[in-house]
Amino acid sequence: MIVPMIAQITGSVVNILLDVILIFGMGNIPSLGITGAAIATVIGQWVAMFITLFTVVQKYSLSGQLKLDIGKQIYANGMGAIVTQSLYTLYIVGLNMILNIFTEDAVTVLGIYYKIQSFFFIPLLGFQQVLLPLFSYHYGVGDYRRNRAILKWSVLFSVSIMEVATGIFFLFPGQLIRIFATEPAIVTIGKYALNRWRFLKRIW
């Protein structure tokens, strides 16, 4: 579980640092805007992939046919997760297309939001990887009482993290946006978008 955690964190950090550099420009690097955000995201994902892949290649020495068989099995078992991730990508593309109709600054705010959000989801993703073998083990030995206890405390832990995250978004929307941008239009849109309480009151 340590290597996937390191890969996820490193990929997110690289993504965020490159966002600042490529979106707004720095030194001889021009401001690329949305294109820069896309490049930063792809590079961050590739960094995470290479960290994981390097570790697997270093640790396991398998024959070519065996690697192929294992690869087929992994993709067959992971097809549901692959489809889910693909749908999430389509969802983001759809949101970007809608927001771009109004202003490109709104697309930038959406990108900033997801970068910040990823920091709060990383502990939950790591937590999920730990829970799966725990549930499987106790289910296998018939210890359903322990599984119910694990489920109870995992839900409480996850909800606590999300409550903290929501409170930070509610209380410090401007400060969060200014980490990545100082343009008045982006800060104004970001403060309104990140403060969900104000948005919900507007809907009500």
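In this predicted model, Met 79 is located in helix H4. With a relative accessibility of 43%, Met 79 counts as partly exposed, because that class covers the values between the limits of under 20% for buried residues and over 50% for exposed ones. Met 79 also belongs to a nonpolar patch on the surface, which is formed together with Ile 70, Ile 74, Tyr 75, Ile 82, Val 83, Leu 87 and Leu 90, and the accessible area of these residues together comes to about 770 Å². Two helices, H3 (64-77) and H4 (79-102), each supply at least two residues of this patch, and the helix that gives the most is H4, with five residues.

Attention then turns to the aromatic side chains, for which a search of the whole structure finds five pairs. One of these pairs joins Phe 120 and Phe 169, whose ring centres lie 6.0 Å apart and whose planes meet at 55°, so that the pair is classed as tilted. Since Phe 120 lies in helix H5 (residues 104-140) and Phe 169 in helix H6 (residues 144-171), the pair ties together parts that are 49 residues apart in sequence.

Key. Residues numbered from 1 in each chain as written. Predicted model: local features only at pLDDT ≥ 70, side-chain atom pairs only at ≥ 80, totals over all residues. Heavy atoms only, no water. Patch = residues over 30% accessible without salt bridge, like charges linked within 9 Å, V, L, I, M, F, W, Y side chains within 5 Å. Areas by Shrake-Rupley, 256 points an atom, 1.4 Å probe, with all protein chains shown as cover. Salt bridge = Lys/Arg side-chain N within 4 Å of Asp/Glu carboxyl O. Helix = DSSP H or I, 4+ residues; strand = E, 2+ residues; numbered from the N terminus. Buried < 20%, exposed > 50% of the residue type's maximum accessible area, 1.4 Å probe, protein only. Phe/Tyr/Trp six-rings, centres within 6.5 Å; stacked < 30°, edge-to-face > 60°.
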